[in-house]
Amino acid sequence: MTTRALVITSSILAENGQSNALASHFQSRAAERGSVEVTHRDVVANAMPHLDISELGAWQVAVAERTPEQQTLAARSDELLAELRANDVLIIAVPMYNLGIPSQLKAWFDRVLRAGETFRYTENGPQGLVEGKRAIILAARGGQYAGTALDSQTPHLKSMLGLMGITDVNVVYAEGLNMGEQHRAAALKEAFQAIDQLVEAL
């Protein structure tokens, strides 16, 4: 049985980004495994503008009633939603920029977190509509933040995934990457080993 994995990368450093290195390692191991089919979306190389009222409004117009401009605007989100739904596992490779996620990644989330599509509001609060999927977060950081008050990134990502109904989430950290070559090498080695284990379990 083939597992379909959607890999989202978001480093502005392209091939020099450490989070992209984690994603590349995942993709290499997935290719070796043979039973994991990977789709890769780089939200920096294929960046989207910040969400604005025109695009948000286009979603709220019935498909048959959309203007050509609204059809084009809505197509961005529709494409991302179709891609998300077509995959079993979501891999989010994310660097930490100023204690948060890259704005390009936030732009992606802003288009897949759509009321009526991936979640709905109920009298008991929001309910996720994306079922049967899991996520793996591959987090690369220059310093050491996991488990501290400064790591607002992990709760933010888990909250956005949970809003859609994706609550089965594993996190792989590669931290202290700017704290000396020895520390960097050890952190990457540990992260790669954790990724290997997760790929084997897919």
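User: At what angle do helix α3 and α4 pack, and how far apart are their axes?

Analyst: Please keep in mind throughout that this is a predicted model. Helix α3 covers residues 68-85, while helix α4 covers residues 103-112. Where the two pack, their axes lie 8 Å apart, and the angle is about 85°. Angles from 65 to 115 degrees count as roughly perpendicular, and therefore α3 is roughly perpendicular to α4.

User: Which residues in α4 meet α3?

Analyst: From the side of α3, the residues taking part are Arg76, Ser77, Leu80, Leu81 and Leu84. Sorted by class, the contact of α3 with α4 has five nonpolar, one polar and two charged residues. The residues they meet in α4 are Trp108, Arg111 and Val112.

User: Why is α4 described as roughly parallel to α5?

Analyst: Helix α5 spans residues 153-164, and its axis is 11 Å from that of α4, with an angle of about 20° between the two. Because angles under 35 degrees count as roughly parallel, this pair falls into that class, and α4 is roughly parallel to α5.

User: Is the crossing of α4 and α5 left-handed or right-handed, and how do the residues of their contact divide by class?

Analyst: As α4 passes α5, the crossing is left-handed. On the α4 side the contact is made by Leu105, Lys106, Phe109 and Val112, and on the α5 side by His156, Leu157, Met160, Leu161 and Met164. By class, these residues of the contact divide into seven nonpolar, one polar and one charged.

User: Which residues in α6 meet α1?

Analyst: Helix α1, residues 18-33, packs with α6 at an angle of about 35°, the axes being 10 Å apart, and the crossing is right-handed. The contact of α1 with α6 has nine nonpolar, two polar and five charged residues. From α1 come Gln18, Ala21, Leu22, His25, Phe26, Arg29, Ala30 and Arg33, and the residues they meet in α6 are Arg184, Leu188, Ala191, Phe192, Ile195, Asp196, Val199 and Glu200.

User: Which residues lie nearest the centre of the largest pocket?

Analyst: The largest pocket holds about 240 Å³ of space. Its lining divides into six nonpolar, seven polar and two charged residues. Of the 15 residues that line the largest pocket, those nearest its centre are Leu13, Gln18, Arg141, Gly142 and Asn178.

User: Which element gives the most to the lining of the second largest pocket?

Analyst: About 160 Å³ of space lies in the second largest pocket, and its lining consists of Val171, Val172, Tyr173, Glu175, His183, Ala187, Glu190, Ala191 and Ala194. These lining residues divide into six nonpolar, one polar and two charged. At least two residues of the lining come from each of β7, residues 168-174, and α6, residues 181-200. With five residues, the element that gives the most to this lining is α6.

Methods:
Residues are numbered from 1 along each chain as its sequence is written. This is a predicted model: local features need pLDDT of at least 70, side-chain atom pairs count only at pLDDT 80 or more; totals for chains, interfaces and linings use all residues. Side-chain values use heavy atoms; hydrogens and water are left out. Axes are lines fitted to C-alpha atoms, for helices over the stretch in contact, and angles run from 0 to 180 degrees between N-to-C directions. Helices (H or I, at least four residues) and strands (E, at least two) are DSSP runs, numbered from the N terminus. Angles under 35 degrees count as roughly parallel, over 145 as roughly antiparallel, 65 to 115 as roughly perpendicular and the rest as oblique. A crossing is left-handed if the near helix is turned anticlockwise from the far one by less than a right angle, and right-handed if clockwise. Contact means heavy atoms within 4.5 Å. Ala, Val, Leu, Ile, Met, Phe, Trp, Tyr, Cys and Pro count as nonpolar, Asp, Glu, Lys and Arg as charged, and the others, Gly among them, as polar. On a 1 Å grid over the protein atoms alone, a cavity is a set of points where a 1.4 Å probe fits but cannot get out, and a pocket is an open set with protein on both sides within 12 Å along at least five of seven lines; lining residues have an atom within 4 Å of a point. Grid points are joined across faces, edges and corners, and a volume is the space filled by probe spheres set on the points.
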